[in-house]
Amino acid sequence: MKLLVTGAAGFIGMHSCKRLLEAGHEVLGIDDLNAYYDPALKQARLEQLRPLPGFAFRKLDVADEAAMSALFAGSRFDAVLHLAAQVGVRYSLENPMAYVSSNVAGFLNVLEGCRKAGIAHLCYASSSSVYGANIELPFREDQRVDAPISLYAATKRANELMAECYGRLYGVPCTGLRFFTVYGPWGRPDMAPFLFTRAILEGRPIRLFNGGDMGRDFTYIDDIVDAVVQLLERPHPGAGAGEKTRLFNLGLGALVNLREFVRALERELGRSARIELAPMQAGDMRETCASTERLRAAIGYAPATPLQEGVARFIAWYRAHYAGANA
Ligand SMILES: NC(=O)c1ccc[n+]([C@@H]2O[C@H](COP(=O)([O-])OP(=O)(O)OC[C@H]3O[C@@H](n4cnc5c(N)ncnc54)[C@H](O)[C@@H]3O)[C@@H](O)[C@H]2O)c1
């Protein structure tokens with residue numbers, strides 16, 4: 001298949017591209033390589049992809065309407081994996097406009113491109129954050145999700161509604177992927193596994209919000225990518241008038257307390273964390289945990305990586321990539 005992957009220099013994007021290329025697909029990756037976090041890490045991820053046969057890259061902003069329209073008009077894609085987004089819950093309190101541009105306008109450009117080009121399948125990233133103020137765990141796809149607690153979450157929910165609309169109006173076949181706290185090698189510097197690891201190695205304290213009483217469904221990157229690739233490779237069952245578009249939770253299906261996660265890091269690093277307890281932060285959810293039943297029924301999804309093993313692989317990568325930096 002010939003695939004367009006947006007956000008290709010990102011954490012999930014790089015791993016997805018790699019797996020798709022290894023499976024023999026042709027991939028055009030796009031990314032604007034913005035400086036929300038260290039662009040050198042994005043470039044280093046791209047260096048992993050460049051030697052692989054079938055890969056091409058273009059620096060492009062998904063919010064650039066003319067460029068996106070030209071991209072879809074000039075190439076034929078069998079499917080699109082849309083991962084580009086302004087990520088980060090907390091940053092959405094500081095710079096809300098970045099979220100509207102990349103996540104709302106950018107997504108509309110992708111939907112329009114798919115509609116005009118008659119794309120057979122659009123898989124796009126949503127997020128566990130759409131569950132917002134819901135407290136009934138595990139989160140199930142059929143729960144109401146109309147209480148977002150950050151603008152990031154609101155833009156991700158908006159994406160789901162926009163996809164629903166394009167499915168009903170124009171038959172654009174969409175699959176939304178609600179990712180739950182993904183971690184692993186080449187992970188994001190703004191997320192807890194990376195922030196904690198760096199702080200522990202540098203002897204700095206780590207801050208646990210809500211007094212450490214928080215939990216996440218930590219999902220190892222390979223398990224995420226398995227599901228993404230399987231979903232992309234299978235034909236979409238078809239969308240049309242009156243049909244709901246597809247939405248899947250993509251998590252491990254286990255709730256891990258943040259302190260437990262820190263202990264897993266400490267074991268692997270052979271060092272103790274200096275812990276500072278802090279109050280709950282605006283925009284943060286206390287706990288997330290996915291029901292994975294729907295995805296299991298659709299593709300036989302069975303995430304396989306235990307936490308300690310995933311953490312070990314992340315630390316091994318971190319030590320190798322940042323060799324010398326207190327590692
Ligand atoms: N990692 C997680 O735990 C997680 C959880 C829930 C949802 N998600 C979603 O999954 C997707 C991928 O996340 P990730 O963790 O790989 O994040 P990431 O930031 O590493 O990757 C996103 C990539 O998109 C690019 N990008 C951002 N705005 C762009 C724009 N306007 N035009 C082109 N490229 C742009 C960035 O440069 C980056 O390389 C995102 O949509 C994110 O919201 C991730």
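Helices (H or I, at least four residues) and strands (E, at least two) are DSSP runs, numbered from the N terminus. The model is a predicted one, so local features are taken at pLDDT of at least 70 and side-chain atom pairs at pLDDT 80 or more, while totals for chains, interfaces and linings use all residues. Residue numbers start from 1 along each chain, following the sequence as written.

Seven strands line up in an open sheet, in the order β3-β2-β1-β4-β5-β6-β11, with parallel pairing. The edges belong to β3 (55-59) and β11 (246-250); each has a single partner strand, so one side of each is left without a neighbour in the sheet. Direction ignored, neighbouring strands are turned by 20 degrees against each other on average. Axes here are lines fitted to C-alpha atoms, for helices over the stretch in contact, and angles run from 0 to 180 degrees between N-to-C directions. As for pairing itself, strands of a sheet pair through backbone hydrogen bonds, either parallel or antiparallel. Two strands count as paired if DSSP finds at least two bridges between them.

Next come some of the individual pairs. Strand β1 (residues 2-6) runs parallel to β2 (residues 26-31), and five bridges join the two; L4 has L28 in β2 as its bridge partner. Strand β1 also pairs with β4 in the parallel sense, this time over four bridges, and T6 sits opposite H82 in β4. From β4 the sheet carries on to β5 through three bridges, again parallel, with V80 opposite L122 in β5.

Strand β4 (residues 79-82) also shows which way its residues point. In a regular strand the side chains alternate between the two faces of the sheet. In β4, A79 and L81 point one way, V80 and H82 point the other way, and all are buried. A residue is called buried if 20 or more other C-beta atoms lie within 10 Å of its own, exposed if 12 or fewer, and partly exposed in between, with C-beta atoms placed from the backbone.

Now for the helices. Helix α6 (residues 151-170) lies across β5 (122-127), β6 (174-179) and β11, and runs at about 150 degrees to β5. Contact between two residues means that their C-beta atoms, placed from the backbone, lie within 7 Å. Helix α1 has 12 residues and spans 17 Å from its first C-alpha to its last, close to the 16 Å expected at 1.5 Å a residue. That expected span is 1.5 Å times one less than the number of residues in the helix. Nine of the 12 residues of α1 are buried, so the helix is largely enclosed by the rest of the structure; among them are F11, I12, M14 and L20. Just after α1, G24 takes a positive phi of about 95 degrees. Helix α8 (residues 221-233) has 13 residues and reaches 18 Å from first C-alpha to last, close to the 18 Å expected. Its buried residues include I221, D223, V225 and L232.

Around the ligand there is a shell of 27 residues, of which G7, G10, A85, A125 and F179 come nearest. A residue is near a molecule or strand if its C-beta atom, placed from the backbone, lies within 6 Å of it. At least two shell residues come from each of α1 (11-22), α5 (96-117) and β5, and α1 gives the largest share, three residues. By type, the shell splits into 13 nonpolar, nine polar and five charged residues. Here Ala, Val, Leu, Ile, Met, Phe, Trp, Tyr, Cys and Pro count as nonpolar, Asp, Glu, Lys and Arg as charged, and the others, Gly among them, as polar.

The peptide bond from L137 to P138 is cis, with omega near -5 degrees, and P138 is found in the loop between β5 and α6. L33 is not a glycine, yet its phi is positive at about 55 degrees; this residue lies in the loop between β2 and α2 (39-49). N210, in the loop between β8 (205-208) and β9 (215-216), also has a positive phi, near 55 degrees, and is a residue other than glycine. L33 is partly exposed, with 16 other C-beta atoms within 10 Å, and N210 is partly exposed with 16 as well. G74, in helix α3 (residues 65-74), counts as exposed because it has 8 C-beta neighbours inside 10 Å.
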